[in-house]
Amino acid sequence: MANYTLKVNGEAQQVEASPNTPLLWVLRDHLDMAGTKFGCGKGLCGACTVHVDGAAVRSCSYPVSAVGDLEVTTIEGLSEDGSHPVQQAWLEHDVPQCGYCQAGQIMNAAALLNKNPDPSDEEIRSEMLGNICRCGTYTRINKAIKTAAKKS
Ligand code: FES
Ligand code: FES
């Protein structure tokens, strides 16, 4: 066990955990932030996507010891009131079906727009490829990202 001070959604959080504990467990079990979902646990589905210093990471495969001073942002902290352009576009296109994958989809899309504010259709497909949706909402996801890019 070791003690960590993590910057999560703008707040310092004290956590005691083994160094190899996945960030996902820390968020959900230690910090009670259930917005980030567990899917495969192996970095294959994208359900657990959060931002570390603005870039998308799979929190199920990211050890807490690797976070250091980097800023973690979860779906709870993407915006205070759901006003992030990606969240607004998700509403406009009524993207979610069951919703399970959607926090990860939104975080991955927001990270994509952080680094590429005007992505092509091919860039969107390629960046979102690792986020699986068992309900098949991909067409609406792609449309919503285009809309969010225009509003960003
Ligand atoms: S739960 Fe992390 S990628 Fe599937
Ligand atoms: S909306 Fe159901 S898994 Fe994506």
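In which helix is glutamine 105 found? Glutamine 105 belongs to helix 3, which covers residues 102–115.

## Basis of the report

This is a predicted model, in which local features need pLDDT of at least 70 and side-chain atom pairs count only at pLDDT 80 or more, while totals for chains, interfaces and linings use all residues. Residues are numbered from 1 along each chain as its sequence is written, chains are lettered from A and ligands numbered from 1 in the order in which they are written, and side-chain values use heavy atoms, with hydrogens and water left out.

## Overall architecture

The protein chain contains five helices and five strands. Here helices (H or I, at least four residues) and strands (E, at least two) are DSSP runs, numbered from the N terminus. Read from the N terminus, the order of elements is β-β-α-β-β-β-α-α-α-α.

The radius of gyration, taken over C-alpha atoms, is 15 Å, which agrees with the value near 15 Å for a compact globule of 152 residues; the globule rule is 2.2 Å times the number of residues to the power 0.38. Along the principal axes, the C-alpha atoms fill a box of roughly 45 × 25 × 25 Å.

## Interior and surface

Of the 152 residues, 45% count as buried. Buried means under 20% relative accessible area, exposed over 50%, and partly exposed in between (1.4 Å probe, protein chains only). The protein chain exposes about 7800 Å², of which carbon and sulfur atoms supply 49%; these areas come from the Shrake-Rupley method with a 1.4 Å probe.

Among contacts (heavy atoms within 4.5 Å) with a separation of 6 or more, 57% join residues 24 or more positions apart.

## Surroundings of glutamine 105

Glutamine 105 has a relative accessible area of 1% and is therefore buried. Leaving aside neighbours within four places in sequence, glutamine 105 is in contact with Trp90, Met128, Asn131, Ile132, Cys133 and Ile141.

## An aromatic pair

A pair of aromatic rings is described by the distance of the centres and the angle of the planes. Rings of Phe, Tyr and Trp (its six-membered ring) pair if their centres lie within 6.5 Å; planes under 30 degrees apart count as stacked, over 60 as edge-to-face and the rest as tilted. By this rule there is one aromatic pair. The ring centres of tryptophan 25 and phenylalanine 38 are 5.4 Å apart and their planes stand at 35°, so the pair is tilted.

Tryptophan 25 lies in helix 1 (residues 23–30), and phenylalanine 38 lies 13 residues away in the loop between helix 1 and strand 3 (49–52). Tryptophan 25 is partly exposed at 33% relative accessibility, and phenylalanine 38 is partly exposed at 35%.
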